[in-house]
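Please consider the model below from its overall fold down to a single helix.

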Amino acid sequence: MPRSFLPQKRRRAREIALQILYSLDVREGLEPDEAISLFPFKDEEPSVTSYAIKLIKGTWANKENIDMLIRTYITGWRPERMVVVDLVAIRLALYEGWIEKSVPMAVAISEAVELAKHFGTEDSGRFVNGVLGRIVRSLQEESSGDNDSEG
């Protein structure tokens, strides 16, 4: 994304992505393009809309891989048992920060925590922060361990 794509615009795109990904998760059989077409984008800037769509499609396409990360690194918390808003915020952060690498992982976590606080329960922010922190630490430890064994 160009530098002119301000953080407020990215945040708005993430809010939209969270809402649409939530609807995909709770409405069985709904496809991403259909969910996107149902959202009232008419008042959104084109850059916000395009980034939101990129996040939606990318997160949804990587959903199984992301859920496997959650199952692997978070014992006792299967994705299907999580509050849907929390799960969607976690998926979005892992897609944007770890898979797509379009923002630093710390930014992705911070944004996911804010989304969870705004759209989730009283405990959502802490929960999302804890889950993402644990997953990212584990992934970083594995990555550094892989590099150590190559030398």
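This is a predicted model: local features need pLDDT of at least 70, side-chain atom pairs count only at pLDDT 80 or more; totals for chains, interfaces and linings use all residues.

Residues are numbered from 1 along each chain as its sequence is written, and side-chain values use heavy atoms, with hydrogens and water left out.

The protein contains 7 helices and 0 strands, where helices (H or I, at least four residues) and strands (E, at least two) are DSSP runs numbered from the N terminus. Read from the N terminus, the order of elements is α-α-α-α-α-α-α. The radius of gyration is 15 Å, close to the 15 Å given by the globule rule for 151 residues, so the protein is as compact as a globular protein of that length; the radius is taken over C-alpha atoms, and the rule is 2.2 Å times the number of residues to the power 0.38. Along its principal axes, the C-alpha trace spans about 50 × 35 × 30 Å.

Of the 151 residues, 46% are buried, that is, under 20% relative accessible area with a 1.4 Å probe, protein chains only. The protein exposes about 8500 Å², of which carbon and sulfur atoms supply 49%, by the Shrake-Rupley method with a 1.4 Å probe.

Helix α5, residues 84-99, is mostly covered, with 13 of its 16 residues buried. Just after α5, K101 adopts a positive phi of about 55°.

Notes
Buried means under 20% relative accessible area, exposed over 50%, partly exposed in between (1.4 Å probe, protein chains only).
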